[in-house]
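Please look over the sequence and the model together before reading on.

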Amino acid sequence: MISFENDYIQGAHPEILRRLAESNMEPLSGYGSDPYCERAREKIRRACGCENAEVYFLVGGTQTNAVVIDAMTKGYEGVVAADSGHIAIHEAGAVEFTGHKVLTVPGDNGKINGNELRQYLQGFYQDENHEHMVFPGMVYISHPTEFGTLYTKEELKQISEVCREYEIPLYLDGARLGYGLMSSGTDVSLSDVAEFCDAFYIGGTKVGALCGEAVVFPGKAPKHFLTSVKQHGALLAKGRLLGIQFDTLFTDELYFRISRHAIEMAEKLKEVLRDKRLPFAWESPTNQQFVIMDDRKMEQLREKVVFSFWEKADQNHTVVRFATSWGTKEEEIEELRNLL
């Protein structure tokens with residue numbers, strides 16, 4: 001079997017495993033206070049072009065979203081997301097479990113439109129009953145989106161301006177941020193993300209790490225944020241495990257190099273899918289590719305290839321996802337070509 005199921009099917013980049021093994025017997029302080037975590041923070045600050053940023057390491061994406069949203073919103077506030085947003089669909093109500101409603105707005109291939117966001121917020125405050133409603137206390141976006149699509153720099157700027165006009169934070173889910181930043185044709189850099197967002201995270205789990213995400217607050221983090229992380233069960237006592245991984249990822253641009261590899265493999269994958277006349281459900285410039293397959297052919301392919309169900313296209317066709325990653329090999333794509 002070959003697998004294009006997701007971008008975390010492999011364990012970790014070999015360099016990370018080497019560094020973990022080399023440092024294994026070092027006695028280090030816990031909870032992110034060790035030298036590796038501090039060195040990783042400094043490297044991330046430089047990469048973001050934000051020398052005063054506060055950086056924290058959490059164990060996974062769902063925990064990160066739940067902790068950050070809970071820490072940055074008041075008890076009577078919810079978080080605005082696209083109706084296809086990850087926190088609205090694929091996180092089992094983790095945000096609602098913290099007591100904050102996910103307020104959805106229509107998305108365009110996964111993206112929130114700045115003008116429509118402004119209309120939504122205007123409509124909320126124009127409602128004479130808004131004191132009896134869940135207040136929009138934050139805006140959540142992901143880059144790439146659930147559809148593998150990307151925001152442009154101008155789109156990020158517009159959303160940021162709306163958020164600052166209404167004095168609510170903009171939070172960016174960066175589970176696959178490396179793949180977005182390395183996509184051909186994007187005009188968004190890591191420093192742009194730091195400029196326009198009040199909080200974001202750099203995903204490690206899906207971009208070469210065993211586990212872990214790096215949360216970045218370009219300004220000040222919420223008060224006692226580390227305590228909030230621990231309350232939510234997202235703080236590792238052996239914080240070294242995350243610090244060493246991110247220190248490695250941000251040494252010699254490893255994070256960006258392996259992300260670029262995933263994009264190169266995705267481009268080759270797209271060529272194969274086009275050659276085999278599989279229609280794309282929508283265009284994605286990142287590592288996730290979505291095509292429409294005849295159900296009978298889909299079941300035949302499943303005997304040899306692992307991929308993801310996405311949604312039904314009609315009674316006899318299904319939208320499926322093929323994902324490349326930092327660990328995808330060109331030989332696997334050629335094998336897929338032959339099987340198709």
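The notes that follow go through these topics in turn.

## Basis of the model

This is a predicted model, in which local features need pLDDT of at least 70 and side-chain atom pairs count only at pLDDT 80 or more, while totals for chains, interfaces and linings use all residues. Residues are numbered from 1 along each chain as its sequence is written, and side-chain values use heavy atoms, with hydrogens and water left out.

A nonpolar core is a set of buried Ala, Val, Leu, Ile, Met, Phe, Trp, Tyr and Cys residues joined through side-chain atoms within 4.5 Å, where buried means under 20% relative accessible area with a 1.4 Å probe, protein chains only. In the largest such core, of 57 residues, Ile44, Val139, Phe200 and Ile202 touch the most other members, and α12 gives the most to this core, with six residues. Apart from it lies another core, of 24 residues, among them Tyr201 and Val215.

## Aspartate 173

Aspartate 173 lies in strand β6, residues 170-173 (strands are DSSP runs of E, at least two residues), and counts as buried because its relative accessibility is 4%. Its side chain makes a polar contact of 2.7 Å with that of tyrosine 140 and reaches the backbone nitrogen of alanine 175 at 3.0 Å; a polar contact is a pair of N or O atoms within 3.5 Å, where, within protein, one must be able to donate a hydrogen and the other to accept it, and residues adjacent in sequence count only if both atoms are side-chain atoms.

Asparagine 65 is 108 residues from aspartate 173 in sequence, with 7.3 Å between their C-alpha atoms.

Key: Buried means under 20% relative accessible area, exposed over 50%, partly exposed in between (1.4 Å probe, protein chains only). Helices (H or I, at least four residues) and strands (E, at least two) are DSSP runs, numbered from the N terminus.
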